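My notes follow the order in which I looked things up.

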Amino acid sequence: MTSLYDATRADFEIAFVDAPRYRIDQLWNGLYTQFLEPHDITTLPAAARAQLETSFQPALEPTVRTVADDGKTIKFLWRLADGGHPIETVLMYYDDRATVCVSTQAGCAMACGFCATGQAGFNRHLTAGEIIEQVARACREARSLDRRVDNIVFMGMGEPLANEPAVWAAVERIHGDIGISARHLTISTVGIVPGIRTLASRPLPVNLAVSLHAARNELRDELVPINKRYPIEELLDACRDYLKVKNRRISFEWALIEGVNDTMRDAKELHALCRQLTPTAHVNLIPLNPTPGWPTKGSSRNRVHVFRDTLLEFGTNVTIRSNRGTDIAAACGQLAAGQPVRITPAAPSRSARDSSHN
Ligand code: SAH
């Protein structure tokens with residue numbers, strides 16, 4: 001059965017073949033602008049609502065809703081109706097905006113050792129509808145507080161560019177039907193070069209964030225294993241091509257790990273990489289969040305500030321990402337949807353750690 005948010009207008013037109021066109025509009029508005037559950041779309045006659053409920057079902061079953069930061073961070077744990085895999089979505093309210101962080105896969109195959117999703121392994125890709133429904137449900141939640149969602153970040157569980165077709169279909173629906181402009185959508189990637197190239201060929205100007213974490217191959221091979229397949233030079237070429245077409249600034253994410261990637265040498269290497277892009281890349285520093293399978297600590301507050309100040313002195317654009325939801329395991333890299341950690345990766349080898357002190 002096609003899920004509620006995987007269904008296209010054409011699917012609804014076929015299912016409601018005798019209905020006048022405005023009924024399909026009412027249905028579509030109910031789902032995409034009012035974010036209603038089918039039985040609450042009261043512009044539709046009761047019979048149509050009943051038919052909608054039997055023919056198109058939600059793809060996400062609400063399981064646990066956890067709140068932190070005085071109600072400003074909400075983590076949703078869902079179970080996929082098809083197969084039962086758990087996934088998570090995080091809604092973050094700020095004074096002037098609200099952001100939703102969506103998952104694109106149940107689990108992740110990229111195996112970055114410091115990321116709880118990577119530690120738990122891969123289950124399956126999400127469909128476009130499963131991604132869109134996360135957004136719609138978060139919008140429904142925000143609406144109940146008279147808030148609206150302004151930004152979507154594809155930074156939850158999974159690697160978006162390993163599931164690019166579904167992610168792109170979701171982008172189009174979020175932009176075109178929910179009405180959150182592509183400039184407010186950010187796709188974060190571990191650095192899948194062909195995926196970046198495909199994204200560059202897509203029409204809408206979404207933001208690209210690259211999880212860099214190391215600016216030399218020797219260290220990045222260890223922190224982000226896919227670097228062995230797509231090393232930094234190739235990644236940078238793809239970023240350059242993306243910039244050429246989109247002319248949107250790219251951001252580099254950098255989770256600061258004590259003694260591993262927070263030294264003067266790292267700052268210099270990172271600055272040199274940023275300068276190779278025009279416009280120059282923006283660096284987003286993320287103090288490393290604790291995860292069960294990674295023994296190395298995050299950099300201290302002081303060290304995070306020193307690293308930022310060093311980059312600023314070099315002339316690199318840099319901000320420290322505000323950390324939300326660490327106490328409910330909702331922060332960057334902590335989304336494991338309650339799954340046990342399957343592997344315990346080793347911390348970077350002595351050689352990588354020692355050389356980073358140079
Ligand atoms: N797979 C994509 C989307 C996930 S985004 C990607 O890697 O970009 C999640 C971000 O949090 C990524 O930048 C990731 O590298 C970072 N991250 C992972 N584990 C983390 C941790 N323990 N602390 C801080 N950031 C982490």
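These entries cover the model's basis, the core, the sheet, and a few single residues.

**Basis.** I am working with a predicted model, where local features need pLDDT of at least 70, side-chain atom pairs count only at pLDDT 80 or more, and totals for chains, interfaces and linings use all residues. Residues are numbered from 1 along each chain as its sequence is written, and side-chain values use heavy atoms, with hydrogens and water left out.

**Core.** I looked up the largest nonpolar core and found 115 residues in it. The term covers buried Ala, Val, Leu, Ile, Met, Phe, Trp, Tyr and Cys residues joined through side-chain atoms within 4.5 Å. For burial I use relative accessible area: buried is under 20%, exposed is over 50%, and partly exposed is in between (1.4 Å probe, protein chains only). F12, I152, F154 and F252 have the most contacts inside this core. Helix 5 (residues 128–143) gives the most to this core, namely eight residues. Helices (H or I, at least four residues) and strands (E, at least two) are DSSP runs, numbered from the N terminus. The core lies between domain 1 (1–57) and domain 2 (59–353), because both give residues to it. The domain bounds come from an automatic or database domain assignment.

I then listed the surroundings of F154. Contact here means heavy atoms within 4.5 Å. With neighbours within four places in sequence left aside, the contacts of F154 include V102, T104, I131, P160, V167 and V171. I174, L185, T186, I187 and S188 are also in contact with F154.

Which order do the strands take? I read 1-2-3-4-7-8-9-10-11-12, an open sheet of 10 strands with mixed pairing. Two strands pair if DSSP finds at least two bridges between them. Strand 1 (60–68) and strand 12 (317–320) stand at the edges with a single partner strand each, so one side of each has no neighbour in the sheet. From one strand to the next, the twist averages 20°.

I checked strand 2 (residues 73–80) against strand 3 (residues 86–93). They pair in the antiparallel sense over seven bridges. In this pair, I74 stands opposite L91 in strand 3.

**Around strand 11.** Is strand 11 enclosed or open? Five of its six residues are buried, so strand 11 is largely enclosed by the rest of the structure. Strand 10 and strand 11 are parallel partners over six bridges. L256 stands opposite P287 in strand 11. The chain goes from strand 10 through helix 10 (residues 264–275) to strand 11, in a right-handed β-α-β crossover. Right-handed means that, with the strands pointing away from the viewer, the path from the first strand over the helix to the second runs clockwise.

On the other flank, strand 11 and strand 12 run parallel, joined by four bridges. L285 stands opposite I320 in strand 12. Strand 11, helix 11 and strand 12 form a right-handed β-α-β unit. Helix 11 (residues 301–314) lies across strand 10 (251–256), strand 11 (282–287) and strand 12. The helix runs at about 165° to strand 12. Such angles run from 0 to 180 degrees between N-to-C directions, with axes fitted to C-alpha atoms, for helices over the stretch in contact.

**S251.** I placed S251 in strand 10. S251 is buried, at a relative accessible area of 15%. Beyond its neighbours within four places in sequence, S251 is in contact with L208, A209, V210 and H282.

Where is the cis peptide bond? I found it joining T278 and P279, with omega about -5°. P279 is in the loop between helix 10 and strand 11.

Next I looked at positive phi in residues other than glycine. D69 has a phi of about 50°, and D70 has one near 55°. D69 is in the loop between strand 1 and strand 2, and D70 is in the loop between strand 1 and strand 2. D69 counts as partly exposed at 30% relative accessibility, whereas D70 is exposed at 80%.
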